[in-house]
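Reader: I am new to this structure. Could you take me through the fold one step at a time?

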Amino acid sequence: MKLPLKAHHLPVRLATGAFILNSGWDKRDADQDTAQGLHGMAAGAYPFLDKVAPADFVKALSTAEMALGAALLLPIVPSRLAGAGLTAFAAGLLGVYLRTPGLHHEGSVRPTPDGIGMAKDSFLLGAGLTLLLDRPHRVGRD
C-alpha cells in the first residue's frame, strides 16, 4: 500500500505536527487565567468569539490543535489535506497577530518584541502552503 504522502513532506509534517499536537495537549487542562487570556486575545481579533465562554473556547482550541497535529503526524492523511488544515490554522493565528495592537509596528507587519512569538506562526503558514500546493502523487512516481 502506497501512503498518500511524499518522503520530502515528512520533515515538515513531523516538525509541525509534533509542535501543534504538544501545544494542544498543553492547553487541554488550562486554568481559568490561561483560558481567559487566550480567549481575550482571540476575541479581540475575532469578535464573534465573544459569544463563546473562555473555557469552552480553550477546550475547542485544544481539541482542534491535537486533531491537526495528529493529522500531520499520521501518514495515512494526504499531505494536501493536512496542508489545508495547517494553512487555515496558521492563517487564523496570523489574523490574531495582525489584529492585535502592540504585536507589530504601526502601519507595518514587522513584529515588535512582544509580537515575535506570534509572527513566527508565518512559518506554519509557509509549511501549510507548501503541503497544500505541492503536486499530487502520480502513479509510479514519488
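Author: One term comes before the rest. A residue is called buried when its relative accessible area is under 20%, and exposed when that area is over 50%. Note too that this is a predicted model.

Reader: Which residues of helix 6 are buried?
Author: Helix 6 covers residues 122–133. The test is a relative accessible area under 20%. In helix 6 the buried residues are Leu124, Ala127, Gly128 and Leu131.

Reader: Within what arc do the buried residues of helix 6 fall?
Author: Look down the axis of helix 6. The buried residues line one face of the helix, because they fall within an arc of 95°.

Reader: Which exposed residues does helix 6 carry on the face turned away from its buried side?
Author: Exposed means a relative accessible area over 50%. On the face of helix 6 turned away from the buried side, the exposed residues are Thr130 and Leu133.

Reader: Which helices do the buried residues of helix 6 pack against?
Author: Contact here means heavy atoms within 4.5 Å. The buried residues of helix 6 have these packing partners: helix 1 (10–27), helix 3 (54–73) and helix 4 (79–99).

Reader: Which residues of helix 2 are buried, and within what arc do they fall?
Author: The buried residues of helix 2 are Ala35, His39, Ala42, Ala43 and Ala45. Seen down the helix axis, they line one face, because they fall within an arc of 155°.

Reader: What lies on the other side of helix 2, and what covers its buried residues?
Author: Asp33 and Gly44 are exposed on the other side of helix 2. The cover over its buried residues includes helix 3 and helix 4.

Reader: How many helices and strands does the protein chain have?
Author: From the N terminus on, the elements run α-α-α-α-α-α. The count for the protein chain is six helices and zero strands.

Reader: Of the contacts between residues at least 6 apart in sequence, what share joins residues at least 24 apart?
Author: The protein chain has 142 residues, and 36% of them are buried. Its C-alpha trace spans about 50 × 35 × 25 Å along the principal axes. Of the contacts between residues at least 6 apart, the share joining residues at least 24 apart is 69%.

Reader: Which residues are the closest to the centre of the largest pocket?
Author: The largest pocket holds about 560 Å³ of space. Its lining has 25 residues, and the closest to the centre are Leu61, Glu65, Phe89, Leu93 and Val96.

Reader: Is Leu14 buried, partly exposed or exposed?
Author: Leu14 is in helix 1. Leu14 has 46% relative accessibility, so Leu14 is partly exposed.

Reader: What is the mean pLDDT of the protein chain?
Author: Where pLDDT is low, predicted coordinates should not be read in detail. In this chain, 93% of the residues reach 70 or more. The mean pLDDT is 93.

Methods:
Residues are numbered from 1 along each chain as its sequence is written. This is a predicted model: local features need pLDDT of at least 70, side-chain atom pairs count only at pLDDT 80 or more; totals for chains, interfaces and linings use all residues. Side-chain values use heavy atoms; hydrogens and water are left out. Helices (H or I, at least four residues) and strands (E, at least two) are DSSP runs, numbered from the N terminus. The expected span of a helix is 1.5 Å times one less than its number of residues. Buried means under 20% relative accessible area, exposed over 50%, partly exposed in between (1.4 Å probe, protein chains only). The arc is that of the directions from the helix axis to the C-beta atoms. pLDDT is the predictor's confidence in each residue, from 0 to 100. On a 1 Å grid over the protein atoms alone, a cavity is a set of points where a 1.4 Å probe fits but cannot get out, and a pocket is an open set with protein on both sides within 12 Å along at least five of seven lines; lining residues have an atom within 4 Å of a point. Grid points are joined across faces, edges and corners, and a volume is the space filled by probe spheres set on the points.
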